[in-house]
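Please look over the sequence and the model below before reading on.

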Amino acid sequence: MIDPALLLQAYASGYFPMADSKSGEIAWYSPDPRAVIPLESFRIPRSLRQVIRKKIYQINLDTVFEDVVRSCAKREETWISEEIVDTYCELNRMGYAHSVETWKDNVLAGGLYGVALGAAFFGESMFSASRDASKVALVALVERLLARNFILLDTQFLTPHLARFGTREIPKDAYLKRLKQAVKIHCSFRD
């Protein structure tokens, strides 16, 4: 397991771990540019607004954290090793790592997990076992972050999926400036 204190220090410095999909060896990353979702200009596609309005999914927080992480890891190639699972489960027990879960008919349909530190949330991964389930979780995450005065949502890398929501890349130095400010602010992800 990665030492939780080291991991939190790494996040506060702009680094995050990923395991090699074959060897499981942990490497540390701090990409330049860095992808973030500007919370104030988060975009929800119209079709997704309709899904949310229909209330197809129920949202829960941290009820099956490990299941969410393991579901995110169910891919042909994954950076989520057993060491990563163990480490983030420990961060969850410590109150730093959180899952946003979408449920349909009492079955986990999708979700995401990440780390909250100060007024920053570091999105780690998401999965969807049902149409739009991870997107609904992302909307719920952003609503929660805004309601609790978070100022930074780090997605690490820009993907076409995340670009639909207004995710953009910023230079590493600009990211580190935002990060330094965000980790100094006290915010609570959970009550």
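**The sheet and its helices**

In this predicted model, an open sheet of 7 strands runs in the order E4-E5-E6-E7-E8-E3-E9, with mixed pairing. Strand E4 (58-61) and strand E9 (168-170) stand at the edges with a single partner strand each, so one side of each has no neighbour in the sheet. Neighbouring strands are turned by 35° against each other on average, direction ignored. Strands (E, at least two residues) and helices (H or I, at least four) are DSSP runs numbered from the N terminus, and two strands pair if DSSP finds at least two bridges between them. Residues are numbered from 1 along each chain as its sequence is written. Because the model is predicted, local features need pLDDT of at least 70 and side-chain atom pairs count only at pLDDT 80 or more, while totals for chains, interfaces and linings use all residues; side-chain values use heavy atoms, without hydrogens and water.

Strand E6 (residues 107-117) pairs with strand E7 (residues 120-128) in the antiparallel sense over 8 bridges, and Gly 111 stands opposite Phe 127 in E7. Helix H1 packs on the sheet, where H1 touches E6 and E7, and its direction makes about 80° with that of E6. Helix H3 (residues 65-73) also packs on the sheet, touching strand E5 (97-104), E6 and E7, with a direction at about 100° to that of E6. Contact here means heavy atoms within 4.5 Å, and axes are lines fitted to C-alpha atoms, for helices over the stretch in contact, with angles from 0 to 180 degrees between N-to-C directions.
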